[in-house]
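Q: I am new to this structure and would like to learn how to read its features one at a time. Could we go through them together?

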Amino acid sequence: MSEYIVTSGRTLAGDAVDIEIRAGAIDRIVPAGDGNPEAFPAERRYDADGRLVTPPLIEPHVHLDATGTAGDPSWNDSGTLAEGIEVWAEYKTDITVDDIVERATKTVEWYASHGVTRIRTHADTTEPSLTTVEALVELKSRVSDLVDLQVVAFPQDGVLTDESHEDLLRDAVEMGVDLVGGIPHNEYTREDGVKSVEIACDLAERHDLPLDLHIDETDDPSSRFTEVLASEAIKRGIGDRVTASHTTATHSYNNAYADKLISMLAESGVSVVTNPPDNSVLQGAYDDYPRRRGHTRIDELREAGVTVGIGHDSVLDPWYHYGVADPLDAAFILAHYAHMAGRGDVEVLWEMLTDANAEIFGADEYGLSEGTEGSLVVYDSPDAFNALRRRAPRTLVLREGKPIAETEPSATTVHRSDEAVDVDYKR
């Protein structure tokens, strides 16, 4: 059955509502108390009791082929992107489909428990057997009951750094991936980086696929490939199907050049994804003091009209050793290291987590309004600020009217002298 009613929920805007879902879509949203719970079976009713309700969360950038490998075969002791790539290169020498699927499935389940119903994952196409691609394409059907999964063909070690890599990228596209990726700043020269962007764009156009490139993920102010991608998007008219992931070098650009680049991105329609967990630990790793924070220029991009989403990027892998696959963790980190801790930033962070990520993913019928898909998340929190502050448990996750995850809020008792005091984390 794909029908459900959630009563007494509170939206991001603060409205108290009842939400009725029928045939997998939101049929009615009415003021709290005006719904008709009796029209639904008892097991299809949920009293949100004033808790926050949002559309489902979306993960626009993660590496499920590497998830769960942190510390194997070694830890990334330098905390750099380069060492992470070296550790991963050693791990993937004898990788198997079963290994990837097992680790990735666990992480997808974590995502689902946190309210995520759509995930975009990158698959390393520089692994010679393309086992990574095979596994993640197979994973799409295995986890289809929980999430919609997009797979990006991602040449982790570069396209032109080995004579086989371009052919491997082309072969991966034939295997059923959903997007074409790239990593121009990891090529040997500026010229090769430019050519790799052109190769990715040509391949995507030939197969009618969107693009999502890791691009300028460095503190080097001379790394300027995002302008190449934006230029190609303008010339080809494909900007609404292009994502520039990371773009951390914008933090190190001089203001005159950054202004030019941001104007190009706005004109092109290219979207940007920032990845706070990884970017906060990887960028600035080569700096003495003062150390750069090394994330993209979120405020200026948004002011120019560029869509900016939030990704987690890594969960327990060589680039980020922590994580539980919760988008609120990524937003919480961003609030701190992007100077977005003001009260007014709460609305911005949630817009990035929901509407911006949905636009980047290409989600249809997304949102919390009548006629959209019957998917939503209930948080053990009365409002958006406290949900983010506490990374509140998701008490209910619905996907097209069907529950895919439920959590009972935990209760903690503190013993003081002879008295037992219940601690209320909702404050």
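The dialogue below goes through aromatic rings, charges over rings, a sheet and a recorded domain.

A: Please keep in mind from the start that this is a predicted model.

Q: How many aromatic pairs does the structure hold?

A: Aromatic rings are read as pairs by the distance between their centres and the angle between their planes. The structure holds five aromatic pairs, and one of them joins tryptophan 88 and tyrosine 91, which are stacked with 5.8 Å from centre to centre and 10 degrees between the planes.

Q: How are the rings of tryptophan 88 and tryptophan 319 arranged?

A: Their centres are 6.5 Å apart and their planes stand at 55 degrees, so this pair is described as tilted. Tryptophan 88 lies in helix α1, whereas tryptophan 319 lies in the loop between β13 (308-310) and α10 (327-337), so the pair ties together parts that are 231 residues apart in sequence. Tryptophan 319, like tryptophan 88, is buried, and Trp88, Tyr91 and Trp319 together form one aromatic cluster.

Q: Which rings have the charged end of an arginine over them?

A: Here one looks at where the charged end sits relative to the ring and its centre. The charged end of arginine 391 sits over the ring of phenylalanine 332, at 3.7 Å from the ring centre, and the charged end of arginine 224 sits over the ring of tyrosine 253, at 5.5 Å from the centre of that ring.

Q: What is the order of the strands in the open sheet of four strands?

A: A sheet is read strand by strand, by following which strands pair. In this open sheet the order is β5-β14-β15-β16, and the pairing is antiparallel; β5 (53-54) and β16 (402-406) are the edge strands, each pairing on one side only. Within the sheet, four bridges join β14 (residues 376-379) to β15 (residues 394-399), and leucine 376 has leucine 398 of β15 as its bridge partner.

Q: Which residues does UniProt list for the amidohydrolase domain?

A: The unreviewed UniProt entry lists residues 46-90 and 106-404 under "domain: Amidohydrolase". In the model, residues 46-90 are 22% helix and 22% strand, with end C-alpha atoms 48 Å apart, while residues 106-404 are 40% helix and 16% strand, with end C-alpha atoms 14 Å apart.

Conventions:
Residues numbered from 1 in each chain as written. Predicted model: local features only at pLDDT ≥ 70, side-chain atom pairs only at ≥ 80, totals over all residues. Heavy atoms only, no water. Phe/Tyr/Trp six-rings, centres within 6.5 Å; stacked < 30°, edge-to-face > 60°. Helix = DSSP H or I, 4+ residues; strand = E, 2+ residues; numbered from the N terminus. Buried < 20%, exposed > 50% of the residue type's maximum accessible area, 1.4 Å probe, protein only. Lys NZ or Arg CZ within 6 Å of the ring centre and 35° of its normal. Pairing = 2+ DSSP bridges. UniProt positions renumbered as here; feature names shortened; annotations may be inferred.
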